[in-house]
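Colleague: I'm new to this one and would like a close look at a single part of it. Could you pick a pair of packed helices and walk me through what surrounds them?

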Amino acid sequence: MQDLIIRLAAPLEHALAWLYSFWPAVAGVVGITLAVMVTLHVAQHKRDARAAAAWTGLVWLVPFLGAALYLMLGVNRIQRRARQLTGGGIDAALRAGQEQGTPLQTDRLQVLARLVGRLTRLPLTGGNRVTLMEAPEALDAMVRAVDNATESVYLATYIFGNDAAGRPLADALARAHRRGVRVRVLLDGVGALYSLPPITFRLRRQGVSVQRFLYSIAPWRMPYMNLRNHRKLMVVDRALGFTGGMNVRAGYVAEPATIQDLHARVEGPAVAHLLLSFAADWAFTCREELNDNFAGDMDLGTVQARGVNTGPDADFDKRRLTIQAAIGAAEREIRLVTPYFVPGQTLLASLQLAILRGVRVVILVPEKNNLRLVQWASLHALKWLAKEGAEIHASAPPFDHTKLFTVDGHWVQLGSGNWDARSLRLNFEFDLECYDDPLAADANALIDRKLARARPLADADFRAMARWRHVRNALAHMLEPYL
């Protein structure tokens with residue numbers, strides 16, 4: 001045995017000596033090979049030239065680490081895995097109902113409706129009733145809806161706090177489960193960690209079926225850490241829906257509130273789109289197929305509405321294209337409320353062109369953001385729009401997490417998506433586009449109330465900023481593809 005060890009030790013010692021002498025050359029060859037392979041993959045699979053350039057620069061300037069980061073964060077495996085888990089059934093459902101809804105009032109809106117229909121492969125449904133609700137009212141309405149459920153409750157959210165807002169909803173879900181209602185709760189794998197201990201413990205102790213989207217406690221089994229499910233959906237009895245930008249957090253119900261937000265109660269056939277979105281995400285997460293047939297009334301209101309699912313899979317870029325098309329359809333006015341405004345050059349150019357066409361552009365962002373780097377980058381983008389004539393306003397605290405977009409007093413978009421690279425390219429989002437004058441009037445009245453309490457930011461205000469602030473904001477905006 002000792003002789004065998006001696007015989008094996010000699011070649012090993014020789015190999016180590018050779019490696020010690022030539023390791024810089026070996027490392028160089030391996031590093032260059034990895035960089036070339038990643039560059040070829042980036043060139044073939046990245047649609048965004050800025051993202052492609054950023055990843056290419058990273059793998060060449062930071063050998064090995066850059067390639068490892070690209071393997072973990074840059075390669076999208078979601079689409080093929082989702083199709084594998086659903087057996088193509090979700091794709092078939094998405095292709096259903098491609099016919100457009102009732103003709104709309106203007107040619108531009110008809111073109112917009114056709115475009116979004118082709119993007120989403122979903123019909124524009126008529127007969128809906130959409131009720132806008134601010135956060136505390138929406139949370140109360142969701143608890144009441146769960147308490148009245150008789151067949152099923154499906155809930156998806158990014159953050160579900162184990163706090164004064166989350167515990168009453170969790171208890172209502174548990175009561176529904178004990179009544180025999182089918183309850184399914186889907187939380188994002190990262191968002192679930194915003195409260196410790198997470199609400200999942202409380203729900204599971206009471207028998208509620210809860211899953212985490214793209215979650216693993218082992219880092220090497222978690223190659224999707226930058227792909228988050230940011231959707232906020234609840235469907236009760238396959239007939240009543242809730243969607244918008246509201247998470248479930250105590251800040252909404254605190255006295256005084258520390259967060260403002262907007263949600264909507266949806267009744268009518270558009271609820272089928274919320275239901276389809278949840279069923280697809282649930283099947284992807286745990287392989288359970290749910291009944292996704294709409295069971296509600298078909299004619300409850302005047303709103304024509306459609307769900308817009310977006311994400312880094314087959315739904316890639318649908319949200320950005322929808323927004324760009326809506327900006328192009330505007331003839332009189334665009335109003336936008338968003339907590340995070342770092343939209344990228346294409347959407348900035350679209351807004352600039354709208355201003356040059358004579359469209360009034362009103363943008364409301366928080367005066368004090370909860371993400372400082374995003375706020376600085378946002379100020380850099382807003383500076384150029386203010387110079388072109390956009391009306392920029394900064395809302396005073398509490399932090400306004402509202403996401404609302406209206407065009408010409410007729411078209412309304414609300415949902416989970418922000419105007420930043422994460423929502424536009426990386427997150428799984430759900431927005432609802434609506435065509436209805438009374439609903440748009442309600443949305444604009446809400447915006448007017450917010451504007452009355454906000455501070456205008458004119459071109460002169462941006463020019464009066466200290467030089468170092470302009471430099472700081474510009475440097476932050478250079479990180480736009482990652483914010």
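**A close look at helix 11**

Modeller: Let's start with helix 11 (residues 318-329) and helix 12 (residues 345-356), whose axes come within 9 Å and cross at roughly 10°. With an angle under 35 degrees counting as roughly parallel, that makes helix 11 roughly parallel to helix 12. On the helix 11 side, the contact is made by Arg320, Ile323, Gln324 and Ile327, and on the helix 12 side by Thr346, Leu347, Ser350, Leu351 and Ala354. Sort those residues by class and you get five nonpolar, three polar and one charged. Keep in mind that this is a predicted model.

Helix 11 also packs with helix 6 (residues 107-120), at an angle of about 175° and with the axes 9 Å apart. Angles over 145 degrees count as roughly antiparallel, so helix 6 is roughly antiparallel to helix 11. Here helix 6 brings Arg108, Leu112, Leu115, Val116, Leu119 and Thr120. Helix 11 answers with Lys318, Leu321, Thr322, Ala325, Ala326, Gly328 and Ala329. By class, this contact has eight nonpolar, three polar and two charged residues.

To find the pairing on screen, look for Val337, which stands opposite Leu364 in strand 11. Strand 11 (residues 360-366) is mostly covered, with six of its seven residues buried.

What pairs with strand 6? Strand 5 (residues 233-236) does, running antiparallel to strand 6 and joined by four bridges. Strand 5 and strand 6 form a hairpin with three residues between them, and in the turn Asp237 has a positive phi of about 55°. Strand 6 also pairs with strand 8 (residues 262-267), again in the antiparallel sense, over five bridges. There, Val266 is the bridge partner of Gly241.

One further helix pair is worth a look: helix 7 (residues 135-147) and helix 8 (residues 166-178), with axes that come within 8 Å and cross at roughly 10°. That makes helix 7 roughly parallel to helix 8. Met142, Val143, Val146 and Asp147 of helix 7 meet Pro168, Leu169, Ala172, Leu173, Arg175 and Ala176 of helix 8. This contact has eight nonpolar, no polar and two charged residues.

Stepping back to the whole protein, there are 17 helices and 17 strands. Of its 483 residues, 54% count as buried. The accessible surface comes to about 21,700 Å², and 59% of that belongs to carbon and sulfur atoms. Among contacts between residues at least 6 apart in sequence, 80% join residues at least 24 apart.

Conventions. Residues are numbered from 1 along each chain as its sequence is written. This is a predicted model: local features need pLDDT of at least 70, side-chain atom pairs count only at pLDDT 80 or more; totals for chains, interfaces and linings use all residues. Side-chain values use heavy atoms; hydrogens and water are left out. Axes are lines fitted to C-alpha atoms, for helices over the stretch in contact, and angles run from 0 to 180 degrees between N-to-C directions. Helices (H or I, at least four residues) and strands (E, at least two) are DSSP runs, numbered from the N terminus. Angles under 35 degrees count as roughly parallel, over 145 as roughly antiparallel, 65 to 115 as roughly perpendicular and the rest as oblique. Contact means heavy atoms within 4.5 Å. Ala, Val, Leu, Ile, Met, Phe, Trp, Tyr, Cys and Pro count as nonpolar, Asp, Glu, Lys and Arg as charged, and the others, Gly among them, as polar. Buried means under 20% relative accessible area, exposed over 50%, partly exposed in between (1.4 Å probe, protein chains only). Accessible areas come from the Shrake-Rupley method with a 1.4 Å probe; for residues, only the protein chains shown count as cover. Two strands pair if DSSP finds at least two bridges between them.
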